[in-house]
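My notes follow in the order in which I looked things up.

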Amino acid sequence: MEELRIEANGNLGPIDSSRIPRYAGVATYARLPRLDQVARADVTVVGVPFDSGVSYRPGARFGANHVREASRLLRPYNPAWDVSPFENIQVADAGDMAVNPFNINEAIDTIQQNALDLTAGGGKLVTLGGDHTIALPLLRAAAERAGGPIAMLHFDAHLDTWDTYFGAEYTHGTPFRRAVEEGILDTEAISHIGTRGPLYGKKDLDDDHRFGFGIVTSADVYYQGVLETVAKVRDRIGNRPLYISVDIDVLDPAHAPGTGTPEAGGITSRELLEIIRGFRGMNLVGADIVEVAPAYDHAELTGVAASHVAYELVTLMADNAVAGDRFGEANGYAAQALGQEARRPAGFAPAGKE
Ligand SMILES: N=C(N)NCCCC(=O)O
Ligand SMILES: [Zn+2]
Ligand SMILES: [Zn+2]
């Protein structure tokens, strides 16, 4: 079948859903071209079908393809930003990394190397997991590309800074402790958002605090709201190179039942999307969305939520790519919401607008 795609500014976009029904054909993320169909990509979406690091329900190895299937309804214009991300930059789907399910250490090495290979031309990665183990090699690669320790925002019900499980150091509950130990995170600028639920003991929090993490709990988001959450985070992170890791279990199980370690009392998908929009202008260098386990999903709720999270993250990258580095300038939707005057850098007009 011929692929009728939207094209703008030399960027090959999604299959045109007004000419080929969106439910037809093989799924790529947002119906975007495969990486081998484009000359280069500014942002590469890649799947990591790996879940050998889980402590409870398995199944996140099927997450990436579930998110792709659930992403067919994404449309090319993002009104919350007044940005058409796939027109601003070339985004492509690289398919899945081939990762050993029987050897976690080898899997971690493979993910790190593939992440480096995929960013060799200067592009950025948005990774679809996979369990949270994969964040460690992705952070290693992102820090190497950034030339030093990077800031991180970690959306999750869980801290994921535990030490070991059954003696194992590399699991989905331990990636951020390992990352701090390895010195790849800028410990002045790391935070969890959305944490909640029972822990093993108070020491979990003490350790986490000692590593340098700030915490905005799920209850904090409820009581202080999206705007204060965004303001605090922007204050803490500034313009540092920033990696965002989203464990889909940050959402309440009502919004994202398809995950392996669900915890009651989570934030809503509306809150999560709005918080990310509030990061407009921040220096996002890479991102992952992990822990989508389709076997426990219903009506694609979790897949749709994850596909929209990825869409907002790609939009943030696309917006920055066109606007340049404009951190500190109050602009756009989130800034308006924060009560600041919306401004655009001179000469900036989103493709097809103004
Ligand atoms: N990263 C995720 N989703 N979960 C970690 C939970 C670790 C535990 O079972 O204590
Ligand atoms: Zn989690
Ligand atoms: Zn996690």
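I began with the metals of this predicted model: the zinc ion (ligand 2) and the zinc ion (ligand 3) lie 3.2 Å apart, and Asp 156 coordinates both. The pair links distant parts of the chain. I found Asp 156 in the loop between strand E6 (150–155) and helix H5 (175–181), and Asp 247 in strand E9 (residues 242–247), 91 residues apart. Helices (at least four residues) and strands (at least two) are DSSP runs, numbered from the N terminus.

Next I listed the protein donors of the zinc ion (ligand 2): Asp 156 (OD), His 158 (ND1), Asp 247 (OD), Asp 249 (OD) and Asp 249 (OD), at 2.1 to 2.5 Å. Donors are N, O and S atoms within 2.8 Å of the metal (3.2 Å for Na, K and Ca); water is not among the atoms, so sites may look incomplete. Along the chain, the donors of this ion follow the spacing D-x1-H-x88-D-x1-D.

Are Asp 156 and Asp 247 buried or exposed? Asp 156 is buried at a relative accessible area of 0%, and Asp 247 is buried at 2%. Buried means under 20%, exposed over 50%, partly exposed in between (1.4 Å probe, protein chains only).

Last, I checked confidence. The chain averages a pLDDT (the predictor's confidence in each residue, from 0 to 100) of 92, and 91% of the residues score at least 70. The complex has an ipTM of 0.98 and a pTM of 0.92 from the predictor.

For bookkeeping, residues are numbered from 1 along each chain as its sequence is written, with chains lettered from A and ligands numbered from 1 in written order. Local features need pLDDT of at least 70, side-chain atom pairs count only at 80 or more, and totals for chains, interfaces and linings use all residues, while side-chain values use heavy atoms, leaving out hydrogens and water.
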